[in-house]
Amino acid sequence: MKPKLTYTVIMCYNFSNTWLGMTRDQRKAFEMEHVVPIFAHYDKLLRRRAYDAEGFCTEFTDFMIIETSDLAYYYYMVEELRDSRLLSDGLCSIDKVFIGIEDGYHQFEEDLAKEVDHESVAA
């Protein structure tokens, strides 16, 4: 049986000066048309939280924490974002991505113990 792991993705991104030059109403309308539908499509498959960082960091303006038990859904969401005008028009760029497994060593140790128990029973 395949173990159920929780993957955590930290996606760091930057909004362009073109984006920042838009009014807040323009940005909201753009987001509603081009970004919200993508996120809505994956709402039941990914847990997503967005954070502002520009006041605290010079490497990126924002970051998102995404949790999933299936990295395929994360990857598909990124592909849809890449195809969207947000990224294709250069309004935003994804600059760094970090991926980890929440408490992965616990699952590893559990699975290792099951293998040892299974091997001892088979012997």
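Guide: Happy to. Lys 96 has a relative accessibility of 35%, so this lysine counts as partly exposed; that label covers the range between buried, under 20% relative accessible area, and exposed, over 50%, with a 1.4 Å probe and protein chains only. Bear in mind that this is a predicted model, where local features need pLDDT of at least 70, side-chain atom pairs count only at pLDDT 80 or more, and totals for chains, interfaces and linings use all residues. Residues are numbered from 1 along each chain as its sequence is written, and side-chain values use heavy atoms, with hydrogens and water left out.

The partner of Lys 96 is Glu 59: the two form a salt bridge whose closest N and O atoms are 2.5 Å apart. The term stands for a side-chain nitrogen of Lys or Arg within 4 Å of a carboxyl oxygen of Asp or Glu. This pair links distant parts of the chain, with Lys 96 in strand β4 (residues 92–101) and Glu 59 in the loop between β2 and β3, 37 residues apart. Helices (H or I, at least four residues) and strands (E, at least two) are DSSP runs, numbered from the N terminus. Glu 59, at 47% relative accessibility, is partly exposed.

By this rule, the salt bridges number four. Another of them joins Arg 47 to Glu 67, with 3.4 Å between the closest N and O atoms. Since Arg 47 belongs to strand β2 (residues 47–52) and Glu 67 to strand β3 (residues 62–68), the pair ties together parts that are 20 residues apart in sequence. Arg 47 is partly exposed, its relative accessible area being 46%. Arg 85 and Asp 89 also form a salt bridge, and here the closest N and O atoms are 2.7 Å apart. Arg 85 is partly exposed at 40% relative accessibility, and Asp 89 is partly exposed at 41%.

Arginine also turns up beside a ring: Arg 48 lies over the face of Phe 39, 3.7 Å from the ring centre. For a charge to sit over a ring, NZ of Lys or CZ of Arg must be within 6 Å of the ring centre and within 35 degrees of the ring normal.

On to the rings themselves, where there are six aromatic pairs. Rings of Phe, Tyr and Trp (its six-membered ring) pair if their centres lie within 6.5 Å; planes under 30 degrees apart are stacked, over 60 edge-to-face, and the rest tilted. Phe 60 is buried at 15% relative accessible area, whereas Phe 63 is partly exposed at 21%. Ring pairs also join Tyr 13, Phe 15, Trp 19 and Phe 30 into a cluster.

Finally, the cysteines: the structure has zero disulfides, a disulfide being a pair of cysteine sulfur atoms within 2.5 Å. For Cys 12, the nearest cysteine sulfur is that of Cys 57, 7.4 Å away. Cys 12 is buried, at 2% relative accessible area, while Cys 57 is partly exposed at 22%.
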